[in-house]
Amino acid sequence: MEKIYKTMRNTGAACVAVGIVVASVGLAAGIVAIVSGAVLLKRKTEITF
């Protein structure tokens, strides 16, 4: 039984770590997308086709 608890503990810790990394990357990607969109909207008058 002790082996099962150790496995569950390690799996839980790994899931928490992966969750934190995914949340951080998602937040960073969202911020970059918002900033890029704002720059495009700000400079839309400069775009000519």
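1. A definition to start with: accessible areas here come from the Shrake-Rupley method with a 1.4 Å probe, and for residues only the protein chains shown count as cover. With that in hand, the protein exposes about 4600 Å², and carbon and sulfur atoms supply 74% of this area.

2. A word on what you are looking at. This is a predicted model, in which local features need pLDDT of at least 70 and side-chain atom pairs count only at pLDDT 80 or more, while totals for chains, interfaces and linings use all residues. Residues are numbered from 1 along each chain as its sequence is written, and side-chain values use heavy atoms, with hydrogens and water left out.

3. Now the overall picture. Along the principal axes, the C-alpha atoms fill a box of roughly 70 × 15 × 5 Å.

4. How much of the protein is buried? Of its 49 residues, 0% count as buried. Buried means under 20% relative accessible area, exposed means over 50%, and partly exposed lies in between (1.4 Å probe, protein chains only).

5. Have a look at the start of the chain. Met 1 sits in the segment before α1 and counts as exposed because its relative accessibility is 70%. Together with Ile 4, Tyr 5 and Met 8, Met 1 makes a nonpolar surface patch of about 510 Å². Patches are made of residues with over 30% relative accessible area and no salt bridge; like charges are joined within 9 Å, and nonpolar side chains (Val, Leu, Ile, Met, Phe, Trp, Tyr) within 5 Å.

6. Which side chains meet in a salt bridge? They are those of Lys 6 and Glu 2, at 3.5 Å from N to O. The term asks for a side-chain nitrogen of Lys or Arg within 4 Å of a carboxyl oxygen of Asp or Glu, and the structure holds one such bridge. Side chains of opposite charge can pair when their charged atoms come close. Both Lys 6 and Glu 2 lie in helix α1, four residues apart, about one turn of the helix. Glu 2 is exposed, since its relative accessibility is 56%, whereas Lys 6, at 41%, is partly exposed.

7. Finally, some distances to trace on the model, each taken from C-alpha to C-alpha. Met 1 and Val 18 are 17 residues apart in sequence and 26 Å apart in space. Ile 47 is in the segment after α1 and is partly exposed, with a relative accessible area of 46%. Ile 47 and Ile 20 are 27 residues apart along the chain and separated by 39 Å.

Notes: Helix = DSSP H or I, 4+ residues; strand = E, 2+ residues; numbered from the N terminus.
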